[in-house]
Every structure is written in structure tokens, then in C-alpha cells.
Amino acid sequence: MATMLTDTTSNDLLEQCWITTDREELSRRFDREHFEITHSLTDHPLLQIPELMQLADRTLKERPAGLYYDAGKDIRVDQRWDQMPKKQFSAVESMQRIETCGAWLLFKDVQKDAIYKDFLGSGWEKIKANISSQLNSQILREDALIFVTSPKRIATYHIDRECSFLLQIKGTKTIHIFDRADREVLPEEEIERFWTVDNNAPAYKPQFQNRATSYKLRPGYGVHIPVNCPHWVENDDNVSVSLNVNVQFKDTLRANTYRANHVLRKLGMKPTPPGKSPAVDYIKSHSIVPLMAAKSALHKLSSKQKSS
């Protein structure tokens, strides 16, 4: 049975803006730099372990692709997602054993769950309104994620296509975030591969760890992470629960320019990074679209032939 909120509590939670950081700061720094934020969701009933247990069970029944998990006690910061240990427990069992099994659970598209929909939708709308009245027109898709993590578990080094707010609900952990413009930390070639063929393309470089800004996340605090900022997370000796709300932008110009540069680099050229010449970026972006469409069509045809 889902937790029932009183009408008064429900209305209060829907009316408030979760992020209590100054509105001017949110607007000025959004997707430009990473920075610490504060929020008011620490005691929200829907973000506590008992309710998340029910969410796990419901998600597996209604949209099984909405819950990813793995478990391992010796996960390295530089480990690829396709190198994770074989799962020993089901997702629900991992939640039940969260104190000891080294699990990392990711609830995806939580806003699609009937019980969470109004709460997440209303709160996210207020956050966007505090950033910019024009933000909605720039968004391709929105998502709400919930992370549940075992004590001392590491979330490996990576970059994201999304711009996000990571809000700490339970427990403490440290997130290390690097400057996305530092080309020793994040070379152009790695970004090109990330946008084109390999989500794990960015490689952790321990010699540059001291260039990261480390944020100690605790209940009531969080961090804003712009698109493509490299980061990794180490959980303290406690169970951690975090809510992540994010957006992916409609702007395909930069992404397609990286994709075009990936192709040009494979041909032995040294392409100019995005942002140096708007005209060149435009040509590259629009030139790669037919190639991507052809590749997608060939993939669909191949899949159809294999299944027939």
C-alpha cells in the first residue's frame, strides 16, 4: 500500500519550490558551471526507503526498463558500465540487502509513475520558472531519477547528455566534478566518441584528480551539474538516497558537430572543435544528419532480417 499524504501536506509539497538556493544564482549559473545548492525535500515521504521499496516492485511490474541496478563491493572509479559484476540478487532483493550487498540502484523516468507524477511535475515546473521563462522552449526531454546506494559504493567516472540537479535526501557522499572545458581532463576525441558511439568514452585520469571540485553532499544539500561535466561519486559508510532532476536540450548543433568531427578524425583529419566557427559548425551539423539517418535505417533493416 502506498504512503498516503494528508491533503494539507500534499498541497504544501506541491506549492513549494524544492530548491531553496537564490533564484538569481540559479538563473545566472545554470548549465554554465557546477555549484552547491540547497533543497527542502529531505523528509518527503515519497523519498524514504519504505516507499522506494514499493516503487521498485511497482516499476518492475509496470515498466521493467525503468529500474537499472548492479551490485559489487570492489567497483573502481575507472570501471566501465559494461564491466559491472554479474548480478547475484534481484532488484527488490538488492533493496532489501542495501546495507550489505554493494548495490547501486537507478530508478529512471520516475515521473511516469502514477504516485510520483504530480509531485515531480509540479516541483520541476517551479524550478524551471526560477531559472528562465524561456527554458521550456529549449528542452527536448525531462527526467527524474532516484539513486539508492549501498555503503561505500562508488558511482564510476562519466559524463552526461543532460543538465541536472542532484539532491541528497538520505546519507552522505562526495561527488567530484571536473571542468568540462579542461581538455587534458576531457579531450575532444573523448567527447566526440561519447556523442557518437560510446557512452563510456571519457576515461578517468587519476593524475588530474586534484583538479576536481569535491562536494560533500548531505541531506538538504545538492549540486548542479552542467552537460558533459565529468564526475564520479563515492558514498560514505551509509545508505544513500538522492533525487536527480534533469533536462536534455533540443540544441543538436553542438552534438552533431561532435559527431561530424568523430567521422572526420577517423578519416585522418584534425577537425576544429565546436564553437570556433558558427558557420563551420552549421555545415558539419547538417552534413552529418543524412549519414546518421542512413546508419539508423541500416541498423533497423539488419535487426529486421535477423528476427525474420
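Two residues are taken to be in contact when heavy atoms of the one lie within 4.5 Å of heavy atoms of the other. In the predicted model described here, contact in this sense is made between helices α6 and α7, where Glu188, Glu189, Ile191, Glu192, Arg193, Trp195 and Thr196 of α6 meet Ala255, Tyr258, Arg259, Asn261, His262 and Arg265 of α7. Sorted by class, the residues in this contact are four nonpolar, three polar and six charged.

The geometry of this pair can be given in two values. Two packed helices are described by the angle between their axes and the distance between the axes. For helix α6, which comprises residues 188-196, and α7, the angle is about 110° and the axes are 8 Å apart. Because angles of 65 to 115 degrees count as roughly perpendicular, α6 is described as roughly perpendicular to α7. The buried residues of α6 are Glu188, Glu190, Ile191, Glu192, Phe194 and Trp195, and the buried residues of this helix pack against α7. In α7, the buried residues are Ala255, Asn256, Thr257, Tyr258, Arg259, Ala260, Asn261 and His262.

The length of α7 was also compared with expectation. Helix α7 covers residues 253-266, and its 14 residues, at 1.5 Å a residue, should span 20 Å; the C-alpha atoms at its ends are 20 Å apart, so the two values agree. Just after α7, glycine 268 adopts a positive phi of about 95°.

Turning to the strands, seven of them form an open sheet in the order β1-β9-β6-β11-β4-β3-β2, with antiparallel pairing. The edges of this sheet are β1 (35-38) and β2 (67-71), each of which pairs on one side only, and the twist from one strand to the next averages 20°.

Strand β3, residues 103-107, is joined to β2 by five bridges, and the two strands run antiparallel. Within this pairing, aspartate 70 stands opposite tryptophan 104 of β3, while alanine 71 has alanine 103 as its bridge partner. Towards β4, residues 139-149, β3 is joined by four bridges, again in an antiparallel arrangement, and here leucine 105 stands opposite valine 148. In a regular strand the side chains alternate between the two faces of the sheet. Strand β3 is accordingly described as mostly covered, with five of its five residues buried.

A further position in the sheet is serine 164, which is placed in strand β6, residues 163-170. Because its relative accessible area is 4% and buried means under 20%, serine 164 counts as buried. When residues up to four places away in sequence are left out, serine 164 touches Val223, His224, Ile225, Asn244, Val245 and Asn246.

Methods:
Residues are numbered from 1 along each chain as its sequence is written. This is a predicted model: local features need pLDDT of at least 70, side-chain atom pairs count only at pLDDT 80 or more; totals for chains, interfaces and linings use all residues. Side-chain values use heavy atoms; hydrogens and water are left out. Buried means under 20% relative accessible area, exposed over 50%, partly exposed in between (1.4 Å probe, protein chains only). The expected span of a helix is 1.5 Å times one less than its number of residues. Axes are lines fitted to C-alpha atoms, for helices over the stretch in contact, and angles run from 0 to 180 degrees between N-to-C directions. Angles under 35 degrees count as roughly parallel, over 145 as roughly antiparallel, 65 to 115 as roughly perpendicular and the rest as oblique. Ala, Val, Leu, Ile, Met, Phe, Trp, Tyr, Cys and Pro count as nonpolar, Asp, Glu, Lys and Arg as charged, and the others, Gly among them, as polar. Two strands pair if DSSP finds at least two bridges between them.
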